[in-house]
Amino acid sequence: MKISTFGRHCREGLKNLTRNAWMTFASLSAVTVTLLLLGVFLLLAYNVQQFSYQLENQVEMSVSVVENTDRAQVVELERQLKNLPGVASIKFVPKEEGLASLKNKLADNGQLLDGLEQDNPLPDVFWVKASDPQQTASLATKVRTLNHVEKVDYGNETVDQLFNVTELVRNAGAVFVIGLCFTALFLINNTIKVTIFARRKEIEIMKLCGATNWFIRWPFLIEGLLIGVFGSILPILALGIGYDYLTKSVPGIMLFRFADFDPLMFTVAGILLAIGALIGMIGSVMSISRFLRI
């Protein structure tokens, strides 16, 4: 395509926006509302997912060492743990350190443990984290088979429930985002279809004059692209201002912390801009196709 021809298509696409002002306004409104809903959900889904990852990354198992295990056997057990596939980190806590830590946690009641230093009932413990928190259960099964391991604990039922909930949230979020994208495509497609239907005579005349399908299609394609891009600007600005205010006024609620404005908001802005442009073009192509079959 010649540059002059492409320039002509761009000018026609821009003219179409002002030539059919009310239809353009309707299309822009549909794009704006849909992308605003999609953007709100993207921000919500990302924060929920980040929170679920934070919870999962806190999952670790305690590996209690059999009492009276000598230092060389503890070192060998540590080596075996490090060599297990899927182990991200290991921290050894001798029973003396474990007792001191327990006293600190009990604060004023820690004095109740005075005198246990000579007959410390706590075991030596390895704290083990899995590379993939979802694989904690299978890793615990392997750890139990090692020599000098008395007990492995990672809060089985609680952790399993946590993983089930986080998996459900991720799957539900993915389905909802896909559903919103299709809803946006449907709304924009119908709105642009109405716009093009009002100009069907114009298209028929161009066809009768010998214009090719792509010569007719390009201005509508650019018009759809511009509607998508312009329609995404307002949601991006509204979401940016709103999320900035939210993260500054309410940094978090209990354990939950909002994701940083940068890069999350810039990523969401790029996604909304790309989806708006893509859906605008797809909607135009789908809508105009039926009018080109003359």
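This is a predicted model: local features need pLDDT of at least 70, side-chain atom pairs count only at pLDDT 80 or more; totals for chains, interfaces and linings use all residues.
## Ground rules

Local features here need pLDDT of at least 70, side-chain atom pairs count only at pLDDT 80 or more, and totals for chains, interfaces and linings use all residues. Residues are numbered from 1 along each chain as its sequence is written, and side-chain values use heavy atoms, with hydrogens and water left out.

## Aromatic rings

The structure holds five aromatic pairs (Phe, Tyr and six-membered Trp rings with centres within 6.5 Å; planes under 30 degrees apart are stacked, over 60 edge-to-face, the rest tilted). One of them joins tyrosine 243 and phenylalanine 258: the centres sit 6.4 Å apart with the planes at 90°, so this is an edge-to-face pair. Tyrosine 243 belongs to helix H8 (residues 213-249), while phenylalanine 258 is in the loop between strand S6 (256-257) and helix H9 (261-289), so the contact ties together parts 15 residues apart in sequence. Helices (H or I, at least four residues) and strands (E, at least two) are DSSP runs, numbered from the N terminus.

Phenylalanine 261 and phenylalanine 266 also pair edge-to-face, with centres 6.0 Å apart and planes at 85°. Tyr243, Phe258, Phe261 and Phe266 form one aromatic cluster.

Tyrosine 243 is buried at 4% relative accessible area, phenylalanine 261 is partly exposed at 25%, and phenylalanine 266 is exposed at 54% (buried is under 20%, exposed over 50%, partly exposed in between; 1.4 Å probe, protein chains only).

The unreviewed UniProt entry marks residues 21-46, 172-197, 218-243 and 263-288 as "transmembrane region"; positions follow the numbering used here, feature names are shortened, and annotations may be inferred rather than shown by experiment. Residues 21-46 are 100% helix and 0% strand, with end C-alpha atoms 36 Å apart. Residues 218-243 are also 100% helix and 0% strand, and their end C-alpha atoms lie 37 Å apart.
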